[in-house]
Amino acid sequence: MATVQTLRAKKRAKDIFSSPFASAAAWIIAVVWTVPTFGLLVSSIRPDTDINSSGWWNFFVQPNISFENYQKVLFEGTTTNPPLFQFFFNSLAVTIPAVIFPITLAVFAAYALAWFDFKGRDFLFFGIFALQVVPLQLTLIPLLQLFAKGLVIGDTTIIPDLGITGTYIPIWIAHTIFALPLAVFLLHNFISQIPKELIEAARVDGAGPFTLFTKIILPLSVPAIASFLIFQFLWVWNDLLVGLTFGAGSKEVAPMTVRIAEMVGTRGSGWEVLTAGAFVSMIVPLIVFFALQRYFVRGLLAGSVKG
Amino acid sequence: MHFSFLAARKTPWEIIGENFTLLAFALLAFGGVLVLLFLIAGRANVRAQEWLKYLVFLVPALLLLLVGLIYPTIRTIILSFMDAKSENFVGFDNYVWAFTIPEILIVLRNTAIWVFLVPFASTSIGLAIAYMTDRMKRPTVIKSLIFMPMAISFVGAGVIWRFVYYFEPNENRPDLGLLSTIVKSFGGTPNNWMLEAPWNTFFLIVVMVWIQTGFAMVVLSAAMKNVPDEIVEAAMLDGASPLNRFFRVTMPMIRATLVVVLTTIIIATLKVFDIVRTMTGGNFQTNVIANEMYSQAFRQMNYGTGSALAIILFVAIIPVIIYNIRQLRLERTER
């Protein structure tokens with residue numbers, strides 16, 4: 001098909017696009033983008049005397065390595081200011097259910113919206129889609145009151161005071177609620193594209209809505225679920241606002257982000273501890289990110305690329 | 001505060017133990033309920049399954065959305081017309097307050113600057129990188145590095161950039177901040193970057209751009225891959241210059257994606273509060289609505305003004321939602 005002329009044009013195109021100039025520019029941007037993070041990493045492994053007397057780039061002149069900062073920030077603490085490793089586990093305890101709950105409920109809802117025939121289905125779908133952009137800030141005050149006092153309209157108690165303030169439960173529920181709209185939307189996009197013939201065939205074989213879900217929908221949605229899982233993991237692990245407000249100021253449940261933000265605020269703790277602490281809070285998402293980047297990108301694209 | 005008092009007697013490991021017991025219990029309960037529901041519903045007769053399916057699959061999510069998003073939104077609207085303790089109606093007082101107090105006007109102005117600059121800058125840079133790397137042989141490393149900040153929390157990013165912007169007031173001590181050192185090496189005089197308004201707002205915006213550029217790049221570069229080679233080649237045969245090709249061929253072909261990227265970043269920017277909170281605490285005239293809302297509601301304990309600010313934020317987002325729903329409708333009819 002390709003004529004000599006188009007082949008030549010193609011080659012020329014390659015030459016222009018992959019010109020050394022464009023590559024060099026892209027590399028420069030990439031380096032500029034990485035330097036701040038790299039500087040933090042280098043700082044965190046320098047002894048505190050070095051950190052406080054010279055910029056991190058001097059590490060390459062006098063390469064003294066020390067893991068004392070990590071030792072200090074992770075394991076030294078008081079009862080009022082617990083060591084960071086406790087917050088690390090808090091972050092885990094916040095994140096695991098806050099990822100599993102919304103994804104489960106969202107797969108359910110996406111399946112219902114994609115394959116059940118009922119009146120108002122499109123209206124519901126657009127409604128949920130629109131809810132994506134309700135800012136968290138809008139829901140904070142009423143939701144906090146709901147968790148603290150229950151819901152009473154007039155004299156009738158609709159939801160009683162559950163006494164869960166200061167535990168993980170409000171954080172889990174809040175994260176679940178905030179994740180649902182996007183999760184339902186993305187998973188619906190995927191689940192609605194499962195071939196109709198497959199569903200019909202299973203129905204003819206006598207599969208009810210529940211068997212259909214466990215035998216067909218769930219196995220086929222694994223890739224979409226995996227992408228959203230990474231998305232939600234990063235979002236919850238990195239979140240500050242929900243942990244801060246729904247954790248009710250309790251250090252027993254506060255995730256790492258809350259602790260790091262607090263360390264920044266207090267003048268007492270020095271640079272060296274903050275660098276190590278910040279890096280500890282980043283290490284898990286960075287590993288997840290680099291190991292599963294491909295799935296993460298797929299998830300992002302499912303939500304935004306058209307055509 | 002009384003919680004930390006209670007905590008005083010427990011060791012970290014004891015706290016972790018208790019927390020993970022609750023975690024295990026919650027996960028087991030959740031899983032157990034699901035298994036039970038499926039077992040019962042799966043064995044029910046066909047007619048019962050017809051309504052059970054709605055109860056199991058749809059109702060839980062809808063209930064949560066109703067209680068967790070719709071009810072709070074309505075309630076916040078009401079609270080925004082009430083006083084600090086939500087006892088008396090005060091009409092539009094909280095909104096008048098928001099649009100007349102100089103401090104809050106600065107907050108609104110800053111938010112406007114953020115919402116304009118962040119999407120514009122991150123999308124342009126992301127687009128440029130996507131175009132530059134489009135035909136590169138091995139763009140993976142470059143893209144990963146630029147994309148990496150997406151994995152870092154806003155708090156972490158705040159810490160990273162605090163070190164970049166660090167200013168040493170004592171002239172006899174060496175500069176520890178990267179920016180000050182660079183400025184000095186070019187013969188300039190470093191400033192206390194975080195204190196000088198309005199420039200400090202721009203320094204904070206850089207952090208958000210640093211995070212969002214990777215997102216724009218990844219999404220736009222995927223869209224560029226969808227532009228058929230034939231079209232680009234045809235333009236080339238017609239003698240279009242690279243710049244011409246970019247603006248006349250590539251840009252129009254990825255227009256829809258460009259809009260999605262822009263709106264996504266606009267929404268993310270409106271809601272951002274962690275960066276300002278970690279880097280300046282909203283001081284030195286750098287505050288934005290999302291952070292001021294938090295301060296009003298949870299520091300000043302003024303639910304009226306806090307709610308009003310949240311509503312202003314919401315109103316700012318509404319046009320974006322309407323636009324998005326329209327796009328989605330169009331797409332669905334095209335299918």
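This is a predicted model: local features need pLDDT of at least 70, side-chain atom pairs count only at pLDDT 80 or more; totals for chains, interfaces and linings use all residues.
Residues are numbered from 1 along each chain as its sequence is written, and chains are lettered from A and ligands numbered from 1 in the order in which they are written.

Chain A is assigned domain 1 (4-70) and domain 2 (77-304), with bounds that come from an automatic or database domain assignment. The C-alpha centres of these two domains of chain A are 33 Å apart. Nine residues of domain 1 of chain A are in contact with eight residues of domain 2 of chain A; two residues are in contact if their C-beta atoms, placed from the backbone, lie within 7 Å. On the domain 1 side of this contact in chain A, two or more residues each come from helix H2 (20-44), helix H3 (48-53) and helix H4 (68-75). Helices (H or I, at least four residues) and strands (E, at least two) are DSSP runs, numbered from the N terminus. H2(A) gives the largest share of that side, four residues. Ala, Val, Leu, Ile, Met, Phe, Trp, Tyr, Cys and Pro count as nonpolar, Asp, Glu, Lys and Arg as charged, and the others, Gly among them, as polar.

In chain B, domain 1 covers 2-92 and domain 2 covers 95-334. Their centres, taken over C-alpha atoms, are separated by 33 Å. Ten residues of domain 1 of chain B are in contact with ten residues of domain 2 of chain B, and the domain 1 side comprises six nonpolar, three polar and one charged.

The contact between the chains takes 104 residues from chain A and 107 residues from chain B. Helix H5 (residues 84-115) of chain A supplies the largest share of the chain A side, 15 residues. That side divides into 66 nonpolar, 32 polar and six charged residues.

Within chain A, the axes of helix H13 (residues 256-265) and helix H14 (residues 271-291) come within 10 Å and cross at roughly 160 degrees. H13(A) is therefore roughly antiparallel to H14(A), a term for angles over 145 degrees. Axes are lines fitted to C-alpha atoms, for helices over the stretch in contact, and angles run from 0 to 180 degrees between N-to-C directions. Residues of H13(A) in this contact include Met256(A) and Ile260(A), and those of H14(A) include Leu274(A) and Ala278(A). The contact comprises six nonpolar, three polar and no charged residues.

How values were computed:
Angles under 35 degrees count as roughly parallel, over 145 as roughly antiparallel, 65 to 115 as roughly perpendicular and the rest as oblique.
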